[in-house]
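The sequence and the structure are shown first, and the description follows.

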Amino acid sequence: MFIRSKKRGDKTYLMIVKNERVDGRIKQTVLHSLGRLDVLQASGELDGLLLSGQRFSKNLAVISAHKRGESITLQTKAIGPGLIFEKLWHSLRIGKILAERLQERKFEFCVERATFLTVLHRLFSPGSDRAAEKWKEDYAISGAEKLELHHLYRAMAWLGEELPQEEQGQATPFSPRCVKDEVEEALFAQRRDLFSNLDLVFFDTTSIYFEGEGGESLGQYGYNKDHRPDLKQIVVGVIIDGTGRPICCELWPGNTSDVKTLVPIAQRLKKRFGVKRVCLVADRGMISADTLRELEKEKWQYILGVRMHRVNEVKKEVLGRGGRYEEVYAKSSDAKAPSPLKVKEVEINGRRYIVCLNEAQSEKDRRDREAIVESLRQALKQGDKSLVGNKGYRRYLKVRGETHFEVDEEKLKEAGRYDGKWVLTTNTTLSAREAALKYKQLWMVENMFRSMKTLLETRPIYHQSDEAIRGHVFCSFLALLLRKDLEDRLEAKGWDLEWADILRDLDKLVEAKISVNGKQYLIRGETRGSVGKVAQACGVALPPNIQAG
């Protein structure tokens with residue numbers, strides 16, 4: 001039964017009606033006419049009727065008492081983060097996998113809950129474990145109520161703990177096998193039925209610096225991608241599959257160069273995950289002549305970026321070869337359309353190269369260079385001593401006489417050869433078009449690194465041991481795994497939601513514990529924005545608006 005309105009002329013009437021199914025069709029029956037709406041409102045009869053009926057509804061009575069200020073609010077906590085990501089945590093069986101590896105260990109606290117808390121904190125309010133311990137007080141997270149800071153530290157150290165010597169056979173030359181490796185392998189194994197081989201994997205690295213020492217051996221000085229060579233760092237590598245799902249993360253001392261990591265990673269993939277056929281896709285900084293020879297020797301397939309400015313064969317022959325480009329994506333006025341792309345194939349001494357051209361980027365590169373050179377010419381008129389330290393200027397200068405500079409026209413002409421281009425080398429049988437598109441998917445790893453650095457927010461990292469640092473970084477990897485799973489679920493529903501909106505809306509879903517006439521109740525706040533769709537995609541039933549506490 002419900003109250004409905006009906007217009008008669010310029011007047012509106014209210015009536016109590018009920019629906020019932022008769023011969024397979026819904027029939028509406030008027031039980032009682034309440035009268036004209038304006039009269040009922042003016043007399044106050046409508047308010048009185050609704051209030052009198054409210055006495056027989058516990059939920060409405062509690063809500064009304066709360067609105068009248070007749071309740072005592074005991075506590076308010078955010079429930080959205082815990083509800084959604086707890087479901088994904090168990091769906092991916094992360095908790096079960098951790099529990100299996102903890103069976104022989106005697107911790108006085110729940111390591112699995114400490115890990116989940118840390119991962120959840122990374123998703124919603126990235127920061128240190130010290131910050132996570134305080135953050136949890138405002139959130140409803142099952143099993144996290146009694147966790148203390150030292151529990152989080154110990155959980156991180158366990159995740160990064162080295163395995164016994166007899167289990168180090170799959171280690172790389174740069175890092176030992178740890179508990180986190182077993183967790184990654186178990187996560188991969190449980191979804192192995194979905195894809196029998198890692199036909200395509202993407203690999204890239206980044207560096208994360210420390211304000212302090214950075215553990216016993218991980219923190220080292222090296223090439224810093226954040227332009228902080230004065231600080232020690234670690235190198236983090238991430239491998240994802242062709243669908244964008246993270247497979248594993250690797251950590252090495254900060255002085256490990258990228259070109260040394262690709263072959264050991266390729267070898268380790270075979271050993272760790274039992275795969276026989278993999279095509280590695282990696283960026284320009286990963287390759288050297290030795291790297292290519294080793295990959296060929298191991299019969300690995302690869303699609304690798306080439307450093308155009310440094311490889312003479314590419315500079316002199318590949319880029320100099322003529323030939324028609326094949327159009328992959330045409331230029332479009334649609335902002336959501338893929339970037340324009342053309343490709344052509346060049347073979348030199350049995351080596352296969354693919355030249356890729358983005359004409360829109362080429363035009364931008366040309367305009368940017370012209371702006372720099374025009375500024376440089378103006379600066380030269382004012383004197384040239386200050387130009388030496390400007391890298392943007394220096395690349396286009398040459399020495400005139402002993403102490404003066406002038407624009408190097410040959411350098412300008414040479415620079416124009418690279419506008420909007422990048423070059424790949426591959427030993428696959430993929431067409432030039434297919435190889436270029438696969439390589440462009442590396443943006444998934446780059447995007448993942450941007451997310452990982454945001455999730456880590458580890459400057460400074462407070463952990464002093466290598467084990468705890470490895471565990472700390474691994475929790476960010478697990479956070480990325482949860483994020484990817486949620487995004488896949490939303491995509492399967494056809495919903496394109498902004499990640500920042502998801503986090504904000506879930507963060508605002510709260511539950512208040514109140515006391516009315518000595519009885520405790522839980523009142524759930526309203527669902528906003530994307531919460532309903534996220535809950536539906538994850539198969540999560542939101543709690544009722546009010547329930548006994």
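## Arginine 504 and its partner

Arginine 504 counts as partly exposed, because its relative accessibility is 40%; buried means under 20% relative accessible area, exposed over 50%, and partly exposed in between, with a 1.4 Å probe and protein chains only. Arginine 504 forms a salt bridge with aspartate 505, and the closest N and O atoms are 3.5 Å apart. A salt bridge is a side-chain nitrogen of Lys or Arg within 4 Å of a carboxyl oxygen of Asp or Glu. Aspartate 505 counts as buried, at 7% relative accessibility.

## Basis of the model

This is a predicted model, in which local features need pLDDT of at least 70 and side-chain atom pairs count only at pLDDT 80 or more, while totals for chains, interfaces and linings use all residues. Residues are numbered from 1 along each chain as its sequence is written, and side-chain values use heavy atoms, with hydrogens and water left out.

## The chain as a whole

The secondary structure of the chain comes to 20 helices and 18 strands. Helices (H or I, at least four residues) and strands (E, at least two) are DSSP runs, numbered from the N terminus. Of the 549 residues, 46% count as buried. The chain exposes about 28,600 Å², of which carbon and sulfur atoms supply 47%; the areas come from the Shrake-Rupley method with a 1.4 Å probe, and for residues only the protein chains shown count as cover.

Among contacts in the chain with a separation of 6 or more, 63% are between residues 24 or more positions apart. Contact means heavy atoms within 4.5 Å.

An open sheet of nine strands has the order 7-6-5-8-9-15-12-11-10, with mixed pairing; two strands pair if DSSP finds at least two bridges between them. Strand 7 (246-253) and strand 10 (326-329) stand at the edges with a single partner strand each, so one side of each has no neighbour in the sheet. Within the sheet, strand 5 (residues 200-209) and strand 8 (residues 279-282) pair in the parallel sense over four bridges, and phenylalanine 203 stands opposite alanine 282 in strand 8.

Helix 10 (residues 262-273) lies across strands 5, 6, 7, 8 and 9, and runs at about 135 degrees to strand 7. Helix 11 (residues 289-297) lies across strand 8 and strand 9, at about 165 degrees to strand 9. Axes are lines fitted to C-alpha atoms, for helices over the stretch in contact, and angles run from 0 to 180 degrees between N-to-C directions.

## Salt bridges

The structure holds 37 salt bridges. One of them joins arginine 268 and aspartate 181, with the closest N and O atoms 3.3 Å apart. Arginine 268 lies in helix 10 and aspartate 181 in helix 9 (residues 179-190), so the pair ties together parts that are 87 residues apart in sequence. Arginine 268 counts as buried at 2% relative accessibility, and aspartate 181 is buried with a relative accessible area of 1%. Both residues belong to a network of salt bridges that links Arg177, Lys180, Asp181, Glu184, Glu185, Glu250, Arg268 and Arg272.

Lysine 364 forms a salt bridge with aspartate 368, the closest N and O atoms being 2.8 Å apart. The two residues are separated by about one helical turn, because they are four residues apart in helix 13 (residues 359-381). Lysine 364 is partly exposed, with a relative accessible area of 39%, and aspartate 368 counts as partly exposed at 37% relative accessibility.
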